[in-house]
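Hi there,

Here is the structure I promised to pass on. Have a look at it first, and my notes on what turned up follow below.

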Amino acid sequence: MYATASRRALGSLIPPKIASPAAVSSGGTSTRTQSVISFYSKLPKGPEPAAQKSTGLRGKYFEGPNASGAPILATIFILFGIGYTIDYNMHLKHHKNGHH
């Protein structure tokens, strides 16, 4: 890979040099510096707003005042029941032909 190709590939990851010594010492602001200032002036100021309460299954069963592990236990018991049923039916097929 050539140096120019790698520079082009990394160009979007590495920000350009915005505040060069010439732009800072000239007294005036360049258009690049002015665009950065306008971007940062639009950002929200103050503390971060409170997170919204999650909805759906997670909010209903795992967070808030009604939090419990009931869905996890129900899932374990259902999977156990399905596995036991399959195993039992396979065992019946094994006995059907008079083995052991």
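Predicted model: local features only at pLDDT ≥ 70, side-chain atom pairs only at ≥ 80, totals over all residues.

The biggest contributor to the nonpolar patch is α5, which gives four residues. The patch lies on the surface and is formed by Leu-57, Tyr-61, Phe-62, Ile-72, Leu-73, Ile-76 and Phe-77, with about 720 Å² of accessible area together. Two elements give two or more residues to the patch, namely α4 (56-62) and α5 (70-96).

**The overall picture**

The protein has five helices and zero strands, and along the sequence the pattern reads α-α-α-α-α. How many of the 100 residues count as buried? The share is 2%. The protein exposes about 9,200 Å², and carbon and sulfur atoms supply 65% of that area.

**The aromatic rings**

A search of the whole structure turned up three aromatic pairs. In one of them, the rings of Phe-39 and Tyr-40 have centres 5.2 Å apart and planes at 75°; the angle is over 60 degrees, so the pair counts as edge-to-face. Tyr-40 is exposed, because its relative accessibility of 53% is over the 50% cut-off.

Another pair is made by Tyr-84 and Tyr-88. Why does this pair count as stacked? The ring centres of Tyr-84 and Tyr-88 are 6.4 Å apart and the planes are at 15°, which is under 30 degrees, so the rings are stacked. Both tyrosines, Tyr-84 and Tyr-88, lie in helix α5, four residues apart, about one turn of the helix.

Buried or exposed: what about Tyr-84? Tyr-84 is exposed, with a relative accessible area of 51%, whereas Tyr-88 is partly exposed at 44%. Together with Phe-80, Tyr-84 and Tyr-88 form one aromatic cluster.

Happy browsing, and do write back with any questions!

Best wishes

Definitions and conventions: Residues numbered from 1 in each chain as written. Heavy atoms only, no water. Buried < 20%, exposed > 50% of the residue type's maximum accessible area, 1.4 Å probe, protein only. Areas by Shrake-Rupley, 256 points an atom, 1.4 Å probe, with all protein chains shown as cover. Patch = residues over 30% accessible without salt bridge, like charges linked within 9 Å, V, L, I, M, F, W, Y side chains within 5 Å. Salt bridge = Lys/Arg side-chain N within 4 Å of Asp/Glu carboxyl O. Phe/Tyr/Trp six-rings, centres within 6.5 Å; stacked < 30°, edge-to-face > 60°.
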